[in-house]
Amino acid sequence: MFEPLKIQEKIGYVFRNVELLSEAFTHASFSNEHAMPSYERLEFLGDSVLGMVVAAYLYER
């Protein structure tokens, strides 16, 4: 099972919002079975931010 305290301990960082950490590790199939959010929303946001950073870098070069 997901244990946020162990993850935080392992990486040496304490998250302010542990629910987001849990969401980041939740696969869509599990979230559908247990009526909870999955990482897809965060994945989309991360992909968008990464795309923006790469586009800005390429534009400047």
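Is Arg41 buried or exposed, and what is its relative accessible area? In this predicted model, Arg41 is exposed, with a relative accessible area of 54%, and the legends below begin with the pair that this residue forms.

**View 1. Arg41 and Glu23 meet in a salt bridge through their side chains.** The distance from N to O in this pair is 3.1 Å. Arg41 belongs to helix H4, which covers residues 40-60, while Glu23 belongs to helix H2, which covers residues 18-24, so the pair ties together parts that are 18 residues apart in sequence. The two partners can also be described by their accessibility: Arg41 is exposed at 54%, whereas Glu23 is buried, with a relative accessible area of 8%. Glu23 counts as buried because its value falls under the limit of 20%. As background, side chains of opposite charge can pair when their charged atoms come close.

**View 2. Lys6 and Glu3 form a salt bridge between their side chains.** Here the distance from N to O is 3.5 Å. Lys6 counts as exposed, with 54% relative accessibility, and Glu3 counts as partly exposed, with 38% relative accessibility. The count of salt bridges in the model comes to two.

**View 3. Met36 sits in the loop between helix H3 and helix H4.** Helix H3 covers residues 28-34, and Met36, in the loop that comes between this helix and H4, is partly exposed, with a relative accessible area of 30%. When residues up to four places away in sequence are not counted, Met36 touches Ser22, Thr26, Phe30 and Ser31. The C-alpha atoms of Met36 and Glu23 are separated by 8.1 Å, and these two residues are 13 residues apart along the chain.

**View 4. Gln8 is a buried residue of helix H1.** Helix H1 covers residues 4-11, and within this helix Gln8 has a relative accessibility of 7%. Leaving aside the neighbours within four places in sequence, Gln8 is in contact with Tyr13, Val14, Phe15, Val18 and Leu21.

**View 5. Residues 4-61 carry a domain annotation in UniProt.** According to the unreviewed UniProt entry, the annotation "domain: RNase III" covers this span. In the model, the end C-alpha atoms of residues 4-61 lie 40 Å apart, and the span is 74% helix and 0% strand.

Methods. Residues numbered from 1 in each chain as written. Predicted model: local features only at pLDDT ≥ 70, side-chain atom pairs only at ≥ 80, totals over all residues. Heavy atoms only, no water. Salt bridge = Lys/Arg side-chain N within 4 Å of Asp/Glu carboxyl O. Buried < 20%, exposed > 50% of the residue type's maximum accessible area, 1.4 Å probe, protein only. Helix = DSSP H or I, 4+ residues; strand = E, 2+ residues; numbered from the N terminus. Contact = heavy atoms within 4.5 Å. UniProt positions renumbered as here; feature names shortened; annotations may be inferred.
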